[in-house]
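Welcome! Take a moment to look over the chain before reading on. The report below starts with some strands and then turns to the domains.

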Amino acid sequence: MTDELQHPRDSVTPNDPQPDPSPDPERKVRSVGERLPLIDGPDKVTGRAKYAGDLAQDALVGRILHGRYSHAEIVSIDTTEAAALPGVVCVLTGEDTTQPYGILPIAMLEYPLANGRVRYRGEPVAAVAAIDAATAAKAISLIKVEYNELPAYYTAEEARAPDAVQLHESRAGNQERDVHFELGDTEAEFANSDLVVEESYQCAEVNQVHMEPNAAVAEFDPIRQHLTIWPSTQVPFYGHLIFARCLGLEKGQVRVIKPFVGGGFGARTETLHHEVICAHLAKATGSTVRLTTSREETFITHRGRPETQVNLKMGMNKDGKLTGLASEVVQRGGGYPSYGIVTILYAGTLMYGIYDIPAVKYDGYRILTNTPPCGAFRGHGTVNVRFAIENLMDRMSEELGLDPFEVRRKNLLVTPTYTANDIMVNSYGLPECLDWVQKESNWDERIKNLAPNKGLGMACAHYVSGAAKPVHWTGEPHAVVNLKLDFDGAITALTGAADIGQGSSTMVVQCVAETLNLDASQIKLMANDSDHTPKDNGSYSSRVTYMVGNAALDAARSMRQILAEAAATLLDAKSEDIEFDGTLFRVAGSQDPGIEYMDVVVEALKDEGTITAKGTFSTPVSAQGGRKFRGSAVGPTMGFSYSAEVVEITVDPDTSQVTVDNIWIAHDLGFALNPLSCEGQIQGSAWMGMGQALSEETRYHNGLLISGNMLDYRVPTMVESPPMDIKMVESIDPNGPYGAKEAGEGSLPSFIPALANAVRMATGVRMTETPITPDRLHEARARYEREQANNVAAE
Amino acid sequence: MEVLPEFKLHRPGTLAEALKIRGSLDEARYISGGTDLLANIRRGLTPTENLIELSGLSELQRFEADADGLHIGAAVTLATIGNDPAIKQDYAVLAEAANAVAGATHRAVATIGGNLCLDTRCLFYNQSQWWRDSNDGCMKYEGEICHVVPTSKRCYAAYSGDTAPALLVLNAEIEIAGPDGSRRVPLDDLFNDDGIDYLTLAPGEMVTMVHLPAASKSKTASSYTKLRIRDSIDFPLAGVAVRVTQENGKVTALDAAVTGTNSTPIRVTGCDAFVGLEFDEEQGQKFAKLVQKQTSPVQTTTTKPQYRRRAVTAMSKTLTQNLLQALSA
Amino acid sequence: MNSVLQMTVNGRPRADVVADNMLLVDYLREVCGLTGTKIGCDGGECGACTILADGGARLSCLTLAHSCAGQVIETVEGQATRGELSAVQSSFHEKLGSQCGYCTPGMIMTSESLLRTNTNPTEDEIREALGGNICRCTGYIKIIESVQAAAEIINASREAAE
């Protein structure tokens, strides 16, 4: 597989013609490029689909006691009364869950139940398993915890103060990680720039609000000492490692089955405490335990996008060419590391890969605070920095009297290329994205004829198609897919890719069917049962289509070869001369009547029995980035998606409420393996960007989450959600499966600055904060109008 | 599974039976649509050992017009009111306010009586038991201090019903029934400016009926505007109802009422000053000032109170201007 | 306080001993085993638990089971008949009105309720009717398209029948 890949450094020059991997349009059977409904859709629309909380209704009920202080030592926990309550089967505290865990091997500081200290309000302190929910709730209320309060820090600034108490012994200055690099000489570039502007941006913390509250069911067999667990997760494999580690089991004593999962958007790209607690309860009771959590508990478990301050300095010449970019990013990470190191690295490295910028400097600080831990959220790492950059580009374009589209065009990369931080950029559909949204939105005309209180804004973004280096470096391929062919002729694809609603199972089926020239309905799929399916790292950083899709192609090619050889035997021909039209195998170009598929299967199974064909995908070293600075392994990818958006808004003059009237999005996804599903991803991500741009934010009162419900955390409703015009730009990535790359994240980050830029046009105010809630905008407008009046007075 | 506190559900068939059950109990709460009460009970708020369900009482389902006006039983749903052609025609402000409540599925069961008696709301009150315990409760429930105004001796939880201001500008009267008989009072008398004791109902009393005076013969226009972040589900950050009549370009009557800003719905006083005047920009400003002076939101929502006050002021003026413009057209 | 509760669920008459304080959603999920009805929030904030009671959309998380005594309850599991998806179900599948699927049962039941009273809803009417149902995956566009497609199917089959 690896040797088929193409990389700009070793095989491609800009003028090389790219091979055309698009499927043959003449074919009878087509699977990729078709608007195929999801293969598990019927389960979802009939209620048959079982999510974790739907399983084992007769199991013991697990429940968690959450700490009530932001930062405190646990002096004592008295569980006597709770344990004595009839119907209570077990009560656990931190003394029973002594193995720490964490998604990053270098940052395992979290305990399933607090280990002597709580670091955010709501951290799990104890847990019970009881015969029913009422008993479990009663037991929780009987547990007495004595605390010794410690100073608590709710902002990065407080936590960074020189005299601040350290949250974790190993984290001096409450800093999870600082990142610094400078490639090129930014100060020299600024000195020679026509315009240099500095600005600060503040983005509120946001939460994923996946619709399914966190849940898990765990079953422990005390005889075999074996755990089976059904967690609501995007990363069953990482869970597997953590369950074994925390419960003191061998990995072989654990089976992880991912049930249907009600979304994730990054919150579930790490194993969360409710899963580990549920596993512990199952082991302690030697039984099956179901642990469902409330919406509030799910909010407090968090792992959302951190509150972020971005200080930017950017240089631009009169022609719009960017000269240099210096960014300082401070993230309020919460009480535990989670993905923090990766987030703060992405925030720096993803300044690259979209525009050509001669000099870039980055200083990133990930800070530990007494708030719920932040994690990976759709558009991981890039969103708030992209908001700042595109916002400032718009401002500078305006100050220089330039068209914002022309400024973007002036800074396009020449691809294929490597960026200064050694990130490979192959397919690059950004120019086409820009052209499409400008034309389709009728930007040039519309902007001239805007009614009062209306505004138009544009911005761009990009996102990775999986990290070229995995979180756990083991030397294994990034992805493995197995195909099983048996006596019935059915081909079953076995994959560990976690379908969380994004449609990865359907994608695997499509890739296999297309390669084998079978109808998608002829491919069965089994996913996410560690006893049966190959390991997969999980659904995060938009890695699945690219990596698992390629592994599926690889497996299908092997299977195709096996079938071709069997047909060749029957036809007394060479396997390379065999062709299959979806129904019959025959020698290419011949007039022979052909052999039925089932006859070829019978031949293939002769002496062999059940056939397994395996496919893998590994990223080549040339895609894995360089070593120019510490952490440079975060950011490199096989391919970037690109997005350009235009947003049209109306601002209510009385209330400063922003209504989004129209959105035009062009998203370069390489190739739309499933246009229906890809549209859904693009619509969903832009809309989620709208939530962050307009209404969503977490709010705390002394570390206590005020917005832990769906009234105060305002996910947009159908009523105010806008229509969208979408263009899927197909740049055909040379290494993606049929040319495909990322589709589900890149259109989130572009929305937010596009909206802010539209607000500027509508009101004159350039918002540097998100979300742009009516009260924030109202205040900013009042300030702006005062300044305007003062300016007039001064003149 | 959600663990609700234990209670007995009573399902009387008549009003008399409901009152009799209530009379036999030391403590009970009436429940109708349940969209507010059950959400609160689920959070450990408004505890009770007895729920008396009113949605089955035919007396409270009465919905008819006669020469005296329109009579709406307290258990008539907001969906029925919001979709009723006659209400849309003659009492537009009420239909608009009813349709502005929560989402359509809530409105299918939520009742006018329930919406009038909606519990006051606050960031520090509408939280889970764990949350409130972690914050030592609040003055309104299981605590001492008001976290919004810590020096205060009273609770500032905000009255958040959408239909009250609409009914106030329509000069509605309500009928109240209780163990000691029934009475009919102006709607204004139902409310009390206190986040805890926000209703004047005596123990065991319930609102049974809303009476609206017959639709005005003169050229009247009325409307409700709601300040909210999302266009569905959200409670009002503020809401304003206005009813105006106009002859020959001069205001002949003007009523305004505001919700969401105080612990009680506010009937804006001083509107008589505009009668006989042309509602020009200057009068509009004066009217806005009136609204501003009489509304005093505090930090009961995540949205800033200063903003809510400014916005409701501006909205009131625009709404009135738009209504008058429509009348002129 | 427990007592016998009688109602019809998905066409089947039932009689169960149910506590007064049991929510309808918990009754459906835990007593009837109908886990298609979902819980997405802590009470009335997301619409995932929407079912039909006597044909009307109801939030089963803000409804006591006993309040529905004698009523006809329908859940998403009862929508497909004789192996055929309902018009709403097949449209949500075909048009990708469902991604992760968790809001889907509530969306389907709310849509069903709308289309039983209004087979030609405007886009605004669809938005308003489904305004209390939160979806986090789709941005709602394909949900609206699904409801429109279902309306077309329903109208076409009516015309065919006439």
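In this predicted model, Ala72(A) stands opposite Val118(A), a residue of strand 4 of chain A. That strand, residues 117–118, pairs with strand 2 of chain A, residues 72–78, in the antiparallel sense over two bridges. Strand 2 of chain A also runs antiparallel to strand 6 of chain A, residues 144–149, and six bridges join them. Here Asp78(A) stands opposite Lys144(A) of strand 6 of chain A. In general, side chains in a regular strand alternate between the two faces of the sheet.

| Domain of chain A | Residues |
|---|---|
| Domain 1 | 55–150 + 208–301 |
| Domain 2 | 307–469 + 624–794 |
| Domain 3 | 470–618 |

How do domain 2 and domain 3 of chain A meet? Their centres, taken over C-alpha atoms, are separated by 38 Å. In domain 2 of chain A, 25 residues are in contact with 22 residues of domain 3 of chain A. The size of an interface is often given as the accessible area lost when the parts come together. Between them, domain 2 and domain 3 of chain A bury about 1700 Å², with 59% of it on carbon and sulfur atoms. The count of salt bridges between these two domains is zero, while 11 residue pairs are in polar contact across the interface, both residues at pLDDT 80 or more.

On the side of domain 2 of chain A that touches domain 3 of chain A, strand 18 (454–464) and helix 17 (675–694) each supply at least two residues. By class, that side has 11 nonpolar, nine polar and five charged residues.

Key. Residues numbered from 1 in each chain as written. Chains lettered and ligands numbered in written order. Predicted model: local features only at pLDDT ≥ 70, side-chain atom pairs only at ≥ 80, totals over all residues. Heavy atoms only, no water. Domains from an automatic or database assignment. Contact = heavy atoms within 4.5 Å. Buried area = accessible area lost by both parts, 1.4 Å probe. Salt bridge = Lys/Arg side-chain N within 4 Å of Asp/Glu carboxyl O. Polar contact = N/O pair within 3.5 Å; in protein donor to acceptor, adjacent residues only side chain to side chain. Helix = DSSP H or I, 4+ residues; strand = E, 2+ residues; numbered from the N terminus. Nonpolar A, V, L, I, M, F, W, Y, C, P; charged D, E, K, R; others polar. Pairing = 2+ DSSP bridges.
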